[in-house]
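User: I would like to learn how to read a ligand site and the strands of a fold. Can we work through one case together?

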Amino acid sequence: MKPTGPSRDVSTTAKRTVLISGASISGPALAYWLHRSGCAVTVVEKAGALRDGGYPIDIRGAAIEVVRRMGILPQLRDAHIDSRRCTFLNADGSEVASVSPSAVAGGVGGQDLEVRRGDLAAVLYGKVRDDVEFLFNDSIDTLDQSGQGVDVTFHSGQRRTFDLVVGADGMHSQTRESLFGPEEQFHRYLGYCFAIFTMPNTFGLSHELVLWNAPGKAAALYAVGDNDELHAFLNFHQPEPPFDALRNPDAQRDLVAAVFAGAGWEVPGMVGAMRDADDLFFDTAGQIRMPHWSSGRVALVGDAAYAPSFLTGQGSSLALAGAYMLAGALATNRDHTAAFAAYERDVREFVAMNQALVDNGAATLFPTTARALEQRNAMLRGLVTMPSATARPAHSALTLPAFAPMP
Ligand SMILES: Cc1cc2nc3c(=O)[nH]c(=O)nc-3n(C[C@H](O)[C@H](O)[C@H](O)COP(=O)(O)OP(=O)(O)OC[C@H]3O[C@@H](n4cnc5c(N)ncnc54)[C@H](O)[C@@H]3O)c2cc1C
């Protein structure tokens, strides 16, 4: 007899079919674990190919254990960016302090990983590409849960039905919007906007980060190796989110140029490079906070459900750990409703602790007033003499159960 209702999910004969929207970090990580537990997985990505680029990201605490269990820790160790120094500059370009990167980030030197975002995405993709169906250059147009599964219409016109759908489509998730409504309800704006792009390394920088600050403005140059690869970062305080600029790259460039007009150090050259950059990534520093991460047969993972913002440095770690926990919950619960409830129950506290890092000083790298900047600088001068490389409890505040698919 063909099973009906919730129990149809895990039929003893048919594989559970899962569609994941988004092929960046959380999507391929989830695909890996779902495939391991016997699901037939499809990933749809709106870009034409795997997206490269992005500022280097951190993998810490519980997420290190996730990548170890995936068998990709050695590859990621090879890709690790071993930054040696983080130098802070005053508005006139003079040096405030030069400290160890882990002293600033609160990580554990020797254990935590910092890799190019594109390298992490490529390693994850390489791990699943032969086992999982990828549909690039496409996206979900409509989701209909009125039948026995989720009927999906793709932008390409294709129609298919899946047992479950997961939105791994980032902070501005379309999946979330179609299920729960506009982003504004869930977006906690943190008062900053940022632009990231690459530019030629004409500064002789090598394995180091240089961060310039003025009140409410920061400019960073990050040389991740000793070659030409240089990541530029311009961050600024903006009381209200510039919603119009979010959809318009020309408006983004104009806004950044206006904010940094007249700034010292290498900032004018950076603004010029931003104008020419073909890889500009502009966004607000914000978090996604939702009362629930699923509705019916559709769930959310990673930034789509609980973006913590770059200020925490925990976006990719939450994405990796969240993907593991969601797949684990589905592997051990026959009923998807129970699985999604278990996922939320077991991950919510971890997410809350990491999102709370922004309220506990994570933004002190970007003070908005002259007084706060001077306090920050005094703290940094203290770090030079008392380097502290302790882990933040939030990074490891998740118990990872063994991954045990149902027999
Ligand atoms: C190109 C790129 C550069 C980034 N650079 C930085 C950075 O410099 N600093 C930083 O802090 N964070 C950056 N991020 C975000 C960072 O990767 C995430 O915070 C974190 O890794 C969580 O990953 P995620 O997979 O949940 O979401 P994301 O990494 O945001 O990935 C979402 C994926 O979904 C795809 N997608 C979006 N909408 C749809 C749709 N409708 N249909 C199908 N696919 C869709 C996107 O193309 C993307 O591949 C970047 C993300 C991308 C995609």
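Analyst: Start with one polar contact (a pair of N or O atoms within 3.5 Å). An oxygen atom of the ligand is 3.0 Å from a polar backbone atom of Ile-25. Before going on, note the ground rules. This is a predicted model, where local features need pLDDT of at least 70, side-chain atom pairs count only at pLDDT 80 or more, and totals for chains, interfaces and linings use all residues. Residues are numbered from 1 along each chain as its sequence is written, and side-chain values use heavy atoms, with hydrogens and water left out.

User: Which other residues have an N or O atom by the ligand?

Analyst: Tyr-55 places a backbone N or O atom 2.7 Å from a ligand oxygen. Ser-21 has a side-chain N or O atom 3.4 Å from a nitrogen atom of the ligand.

User: How much of the ligand's accessible area does the protein cover?

Analyst: Accessible areas come from the Shrake-Rupley method with a 1.4 Å probe. On its own the ligand has 910 Å², and the protein covers 89% of that.

User: What makes up the shell around the ligand?

Analyst: A residue is near a molecule if one of its heavy atoms lies within 4 Å of it. There are 27 residues around the ligand, and Ser-24, Glu-45, Tyr-55, Asp-303 and Ser-316 come nearest. The shell divides into nine nonpolar, eleven polar and seven charged residues. Here Ala, Val, Leu, Ile, Met, Phe, Trp, Tyr, Cys and Pro count as nonpolar, Asp, Glu, Lys and Arg as charged, and the others, Gly among them, as polar.

User: Which element gives the largest share of that shell?

Analyst: Elements are DSSP runs numbered from the N terminus: helices (H or I, at least four residues) and strands (E, at least two). Helix H11 gives the largest share, three residues.

User: Now the strands. How do side chains sit on a regular strand?

Analyst: They alternate between the two faces of the sheet. In strand S11 (residues 164-167), Leu-164 and Val-166 point one way, Val-165 and Gly-167 the other, and all are buried. Buried means under 20% relative accessible area (1.4 Å probe, protein chains only).

User: What does S11 pair with?

Analyst: Two strands pair if DSSP finds at least two bridges between them. S11 pairs in the parallel sense with strand S1 (residues 17-21) over four bridges. Ile-20 stands opposite Val-166 there. S11 also pairs in the parallel sense with strand S18 (residues 298-300), over three bridges. In that pairing Gly-167 stands opposite Leu-300.

Note on methods. A polar contact is a pair of N or O atoms within 3.5 Å; within protein, one must be able to donate a hydrogen and the other to accept it, and residues adjacent in sequence count only if both atoms are side-chain atoms. Buried means under 20% relative accessible area, exposed over 50%, partly exposed in between (1.4 Å probe, protein chains only).
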